[in-house]
Amino acid sequence: MILLATLTAAVAQGTPLLITALGEIMTQRSGVLNLGLEGMMLIGAAASFIALVNTNSLILAVLIGALCSGLLALVHAFLSITCRVHQVICGLALNIFAGGLSGYLGKDYNGIAAPKVLPSFRIPLLADIPYVGEIFFHQNLLVYLSYALVIGLTYMIFHTQTGLKLRACGENPAAAYSMGVDVNRTRYIYVVLGGMLAGIGGSFLILSTVPSWVENMTGGRGWIALAIVTCAMWKPGAAMVAAYVFGGVEALAYQLQAVSVNVSPVLLKMMPYAATVVVLVAVSIANRDKGAAGPEALTTPFVAEDN
């Protein structure tokens, strides 16, 4: 059934977008904008692939991808938080740097197929639910991790003291500081965690979606993840829905090619990006009177009063 296959693929195609967007939600909630997601996904993908080829370990591949992207995010944190470099310029510069670095690191691996990929497995009982089970519960481990992240982050951000401190750093850092929160340390933590999740998103691509290294193989997905954060109004649950919508558009393009629909492949590949623009415009129009501009202190550096 084409519909079932498309919906199942939508979850898989949307997962790297979702994981990356969840990390950026934490980062932006803390008051830092990270436009370097595309580069961090690329570094995560390159590092994961190199690790996989040399160790043949999927676990190590994912961990190394997350670590390398986390280190790149640490650079972003240092420049934007400590040095107070403009966050937009910093993120764009890191994208250019990471694109070149990933291409250099992966030049000896171009075109090599991954020795193994993330296996899919069925969750007992849940996978037996008609249609829903096949779509959501016959996936690989990183897809299941994304489910846990959505639930865990939703609870943490909106129902815990930790989440309250996170939101305060992004909305009113001066008030958070007056209550004893180390604003800049909090921002460092969430920028690095967000970068690590972007690295895992890149790892997912190389270990599942596109199991072969090709330079710039993320293909703009980091930018789509940024769009998802805005479309989802900085909420993990809504980000899940948005990621699957974008993943579904990409999956539909592949399904149309598979059934030999007489449409230019260029137009089919363009569909996810066109959908991104359309959805962003629709969300902007729908929320233009609601003041939905993100955390109040987003991109604003914080300097403690006693410094």
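Mentor: First, a definition: axes are lines fitted to C-alpha atoms, for helices over the stretch in contact, and angles run from 0 to 180 degrees between N-to-C directions. Helices (H or I, at least four residues) are DSSP runs, numbered from the N terminus. This is a predicted model, in which local features need pLDDT of at least 70 and side-chain atom pairs count only at pLDDT 80 or more, while totals for chains, interfaces and linings use all residues. Residues are numbered from 1 along each chain as its sequence is written, and side-chain values use heavy atoms, with hydrogens and water left out.

Trainee: At what angle do α6 and α7 pack?

Mentor: Helix α6 (residues 141–159) and helix α7 (residues 161–171) pack at about 75°, and their axes are 5 Å apart. They are therefore roughly perpendicular (65 to 115 degrees).

Trainee: Which residues meet there?

Mentor: From α6, M156, I157 and F158 meet T162, G163, L164, L166 and R167 of α7. Five residues of this contact are nonpolar, two are polar and one is charged.

Trainee: What is I19 in contact with?

Mentor: Apart from neighbours within four places in sequence, I19 is in contact (heavy atoms within 4.5 Å) with L142, S146, L197, I200 and G201.

Trainee: And how many residues of α2 are buried?

Mentor: In α2, 15 of the 19 residues are buried, so this helix is largely enclosed by the rest of the structure. N56, which follows α2, has a positive phi, near 60°.

Conventions. Buried < 20%, exposed > 50% of the residue type's maximum accessible area, 1.4 Å probe, protein only. Helix = DSSP H or I, 4+ residues; strand = E, 2+ residues; numbered from the N terminus. Parallel < 35°, antiparallel > 145°, perpendicular 65-115°, else oblique. Nonpolar A, V, L, I, M, F, W, Y, C, P; charged D, E, K, R; others polar.
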